[in-house]
Every structure is written in C-alpha cells, then in structure tokens.
Amino acid sequence: MSDSVIEREPKDEEKTPRVFKIKRFQIGLNVLLQILLGIAIFGMVNYLAFNHFRRWDLSRSKKSEISEQTRKVIGQLQDKLKIVVMVPSQVPVLDDIKDLISEYQVQAKKEDKKVDVETVNPYQNLNRAKELQQRYKFGTQEAVVILDYQSRTKFVNVMDMVEMSTPSDPMTQPEVTGFKGEEAITQALLEVIEPNQNRLYFVTGLGGQDFVGAPYNRTIMEYFKRQNLAAESLNLLNVESIPADARAVFITSPKYDPTDRAIGLLKDYWKRKGHVFVILDPNSNTPKLEAWLGEAGLKIRNDRVKKTESLGGGLTGVYKQVVADFQPGHPITKDLAGAQTIFDGATQTIEIDQTKAQAFQLKAQPLIQAAQGFWGEVDYGGPEDQPIQYDAGRDHGAPLILAVAVEQGAVGDERVKVDSARLVCVANGDFLIDQYISQPNLDFTLAATNWLANRAELIAIPPKQKENFRLGLLEDQLRQISWAVLIIIPAIVATIGIGVRLARRR
C-alpha cells in the first residue's frame, strides 16, 4: 500500500502578502515629535548643566580651587562687582588669571551675587583700552586687574600676583616660579568691600615683641595686610584712652608689667566692650597683667609644659616642644578642630576660674590644649641634676589649656549679633615669630583676630600659596608613553573598527 500526498490549492489571500501602507502625514508627525523631543532633552540637559552643576579640582596643587576665605568674601557682596582684566596676551600668567577670575564668577553665581568680567587686550582693542585708561586713570603700559565696586576701584598689578626667581647670573631673565593671584585679588576685594580699614593696635613700651616694626613677625603682618587689617603701635603712657576705632588691642610677649595707669586704660576699654589679644611670655614676671586677666576669669599658672619619655638604659628624654590640639566648639577653631600644632619655646598653662566666670557672666572656652602625655611642671627652676618627673600631688596634669577665649555680654542665640567684650589669651610667647610660625598657628591667629574684630564671616583658612609641580619622567618612561600614544592605542582602535566593519558585511 503506497502513501499518497494530497496537495491543497492555496487560497487567494495566502498567495499575495499583505502590504501595510503608512501615510506620509504619520511619518512627518513622527519625525516632528522626535525632533521636538530631542530639542527638549537638549534644552533640559543644558539647563541642568548651567544651573545645577558641580565642579571638582583634581589637580595635585589644587590650582583652580579658591579658598574658603575667598568664598566668604564673595558672599559679602551686596552690589554688582565688575572685574576688568587688562593684560596683554603675551603675559605668561594670563591663563591663570582668567581661570581664577572664572572661579570667582562661579562662586558668585552660587551665592546669587553678580560679578561681571571684561577681558581686554590693550594691543588688540586699542579704543577700549584707551577708554578704560581714561576712566580708571592708570598708565598705558600697566598690566592690571581692576575691581570696580560701588564707585570704589582697586588695581592689582600682575607683578603682585607672581613670584619671580632670582637668577645668579645678572644677564639671565628672572622666571615666574609661583602664582599667588588669589591672595592679591581677595585682598583687593576686601579693601573695596570694606572702605574703612580695620585697625589693630599693638601695645609698645613693655619690652615685648614689636610686631609693627620687627622683622621676625613679617609673616603674620603680611597676612593682616591681606585681610584689610591695619597694624599701628600704641603706647598706653601717651594716650588718654584706647582709640575708639580699635577693632582689637594686642599685648605681645611683654617683658615688663604694665603700669597701673595702663591697666586702668585696659579695664576701661574692656568695659566699653573692647577686644584684646594677649600673648604671654612665660619667662616674664607680669603680676598686674595676670591680675587683670584674673578679673576676666583666667588664672595664669606658673609652670612649664613638658613631656618625658624613657629612652632605655636608665635615660629619660624631656620634650619641651609642645604638641597641642585645637579644641572644637568655638568659632575661632571651627575649621581647625582635630588638627594639631606645635609650640616652640617656653609654654605655660591657663586655668579657667569657673566661679568667677559665672559670677561675672563670662563665657570662657579652651581653644588649644596640650596633647596627651604632657604635663605642667611647677618646680621647673630646680637644679639641673634634679630628675624631671611628673609629681601628681604638685604638678599640673591634663587637661592643659594653652589658649582660651573669653566673652562677656554675648547672647546665647548665635543668630543675634550684639557687641560684647572679647579676649583671647595664648600662653606661649614665640608661636608667631617667623622662626617658629607654622600654618596652623597662622590660621588660628587670623581666625582669632577676625573673631575679635567681629568679622565672623571671614574666619577661615587664609588663601594658600600656589605651588609649581613638575613631573619628572625617565627616558624609558617617555619612550613607553610614545609607543602607547602613537602606536598601541591607534592600533587597538583600528583593529576594533576593522572587526566591526567585517561583522556588519556578513
């Protein structure tokens, strides 16, 4: 029996494939919707990128990152600031200046401030350059950055923004070794924002450090200048009262005790809600000054901060260089809390008299304390052969306060600003000398000074110096980079392209 196959004739609808027709109107509408959607996405991305963006400086030296102080100075702007960059294109730091100014603009935008920037090449735009020179009254050959704010102007010369090398050969041209434009421009910005310079008075006639004229305190005085703080000498024997324009009075490492009259002027200034910065010299005997500090709730201990450590073999090492910790909880140290510093020279300790502080409504708070392991030796003037060791019954143990802030008349709510008497006391006489000064000590002093001067918004780390960084590569490393850039990477890209092309042709 054989199998038979019955063939069926296909129906008409199975013979002819069905064709779907798309109208041109539908195609056009679809394309139009795609175009509109693309425009909407493009606009949305640009809007978000322009108004809600984040910037990171990943460079080693943080070249393009402005300091916290500069941010706070920009935040003080009340009106529009105009910046004119009048620098020829051949100036080697022009790009650095432009990048820096753009950071000022970005920060101003974040703070809802207005900063307009105009860059003029005096050799290309002669008419505009001449117009600016006539308006701002500067020389035709000057390369300057001009700050114009509330009809007040300040010029920053390009030479003030750079550090130049000193060649040993007089025939060799000096080179730019560093860029410090932020320090110069921020200082100028402070001066136009604060037209009246804040005055600091340094008491003289006590045999202490002469900060105004002495060369060993140039660093801190330069930073005072950058923050629009003018330093002047004040002899308490030649005045009837401390000047009313004094934002703070400094008593720096006095060797001799102030007279009764000088103490009376300080008391009167304190009652007028004055601000005093006292730097004590532990090697000096100043009972009248210490008695006045006692009225402010501070007891100055007659000791020396030390640390001993066994070196083995019956030997003991004595550390007189004090390692200290910045304490949290105060506006002065809010950006320094957790950091450490070093006090060279003799250091003594301060005790807060809580009973007197409560009786006179004084708010006393430690700012700096000695690190763990240090103690205050009371019998520090004994014979040299006398063993140095901690006597729990006589010497002072932790916590050892080295700097303290006192305020009288303040309101508990930080949002309410009222005038108050303020005092900062440091129990080390050498921590601001150029020979010993460190960046933490400098930061602390600037923050303390701004707190005393009621410039809390400027309490921050000062502008940092820019550093040049040069990457040194060996000849083999340069050869490997050349091979990778010129041959290996292009070969990989070409191989991938050829592979994709062959795959698509199959």
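A residue is called buried when its relative accessible area is under 20%, exposed when it is over 50%, and partly exposed in between, with a 1.4 Å probe and protein chains only. The structure is a predicted model, in which local features need pLDDT of at least 70, side-chain atom pairs count only at pLDDT 80 or more, and totals for chains, interfaces and linings use all residues. Residues are numbered from 1 along each chain as its sequence is written, and side-chain values use heavy atoms, with hydrogens and water left out. Helices (H or I, at least four residues) and strands (E, at least two) are DSSP runs, numbered from the N terminus.

The account opens with strand β3. Six of the six residues of β3 (residues 144–149) are buried. In a regular strand the side chains alternate between the two faces of the sheet. On β3 both faces are covered, with Val144, Ile146 and Asp148 buried on one side and Val145, Leu147 and Tyr149 buried on the other. Two strands are said to pair if DSSP finds at least two bridges between them. Strand β1 (residues 81–86) pairs with β3 in the antiparallel sense over six bridges, and Val84 has Ile146 of β3 as its bridge partner. Strand β4 (residues 152–157) also pairs with β3 in the antiparallel sense, over six bridges; here Tyr149 is partnered by Arg152 of β4. The hairpin of β3 and β4 has two residues between the strands, and Gln150 takes a positive phi near 50° there.

Helix α8 comes next. Its twelve residues (260–271) should span 16 Å at 1.5 Å a residue, and its end C-alpha atoms are 16 Å apart, which agrees; the expected span is 1.5 Å times one less than the number of residues. Ala262, Ile263, Leu265, Leu266, Tyr269 and Trp270 of α8 are buried. Because these buried residues fall within an arc of 155° seen down the axis of α8, they line one face of the helix; the arc is that of the directions from the helix axis to the C-beta atoms. The exposed residues Asp260 and Lys271 are carried on the face turned away from the buried side. Contact means heavy atoms within 4.5 Å, and the buried residues of α8 pack against elements including β9 (246–252), β10 (275–279) and α9 (287–295). In α9, the buried residues are Leu289, Trp292, Leu293 and Gly294, and they pack against α8 and β10, among other elements. Each helix is followed by a residue with positive phi: Lys273 after α8, near 60°, and Gly297 after α9, near 90°.

A further sheet is open, with three strands in the order β13-β12-β18 and antiparallel pairing. β13 (315–319) and β18 (375–377) stand at the edges with a single partner strand each, so one side of each is left without a neighbour in the sheet.

The nonpolar cores complete the picture. Such a core is a set of buried Ala, Val, Leu, Ile, Met, Phe, Trp, Tyr and Cys residues joined through side-chain atoms within 4.5 Å. In the largest, of 41 residues, Phe224, Ile332, Ile368, Val424 and Phe444 touch the most other members. Helix α11 (residues 439–452) gives the most to this core, with seven residues. Apart from this core lies another, of 37 residues, among them Ala262, Val276, Val278 and Trp292.
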